[in-house]
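Please look through the sequence and the model shown here before reading the report that follows.

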Amino acid sequence: MKKIFLMMVALGMLTTASAQPAPKADSGKKSGVVIKDVRKSVVKLGVKAGVNFASMSSYDKVDLGLKSGTSFQAGALLSARFGKRTKASDPGTGSFGAQVEFLYMQNSIKNDYADAIKLNYFAAPILGKWYFLPDFNVEAGICIATMLSSSPDMIEVTRDGLPMAKIPTGKFKGFDFRPTVGLAYTVGNTGLGLGARYYFGTSDLAKDFPCKVNTIEASVSYSFDLFKF
């Protein structure tokens, strides 16, 4: 009987041991202090290119038959988007941002008397952005444009073969501070962006040529994360 009793006790202990749950596999999380990523904003670097549709205010001394022309722009951009849309969102998904660009920008103006007037600028738009939807934003700011060159050197206005005026368009120079508004769309997480803007010209091209240039822009861009903060 004693041997039978000891065998029953041993069998019960073995059964109890086998019924206990196995220890959970290591999930990869170590116990201790969890370091929380407090970065909320993202800075991006990118490139952009686009097409410009420029128009010029009328010349008061003679009708040049000025018409809108098509040209291009290309350059680099640096942007930042601040904060998170929600606590669970990724960094750089907040409602506000900023962007600065460094562009070669050409404006082309057609006329009735010579080849199109081409105005070549180095332009630096500085913009604030408001993301009213996760991928859509409106932007506003100022574009500082300095003229690099212009062509042709001269427009000769004639009537019935007789000279009426000579306009030295090759001497255009100076800065233009252009208030700027636009709408932009970011294509998900691809880095691609589409944009449309209007630049309001405020400076005369020359003292004796008091005309201003306004520009509509349509552009495409690509950017990537530079760093988070």
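In the hairpin formed by strand 8 and strand 9, with 5 residues between the strands, glycine 188 has a positive phi near 55°; strands here are DSSP runs of E with at least two residues, numbered from the N terminus. This is a predicted model, in which local features need pLDDT of at least 70 and side-chain atom pairs count only at pLDDT 80 or more, while totals for chains, interfaces and linings use all residues. Residues are numbered from 1 along each chain as its sequence is written, and side-chain values use heavy atoms, with hydrogens and water left out.

Strands count as paired if DSSP finds at least two bridges between them, and the table lists two such pairs.

| Strands | Sense | Bridges | Bridge partners |
|---|---|---|---|
| strand 8 and strand 9 | antiparallel | 7 bridges | alanine 184 and glycine 195 |

The largest nonpolar core has 25 residues, and Met56, Leu119, Ile167, Phe172, Leu205 and Phe209 touch the most other members. Such a core is a set of buried Ala, Val, Leu, Ile, Met, Phe, Trp, Tyr and Cys residues joined through side-chain atoms within 4.5 Å, where buried means under 20% relative accessible area with a 1.4 Å probe and protein chains only. Strand 4 provides the largest share of this core, 4 residues. Leaving aside neighbours within four places in sequence, leucine 205 is in contact (heavy atoms within 4.5 Å) with residues including Met56, Leu119, Phe172 and Val213.

Key
Buried means under 20% relative accessible area, exposed over 50%, partly exposed in between (1.4 Å probe, protein chains only).
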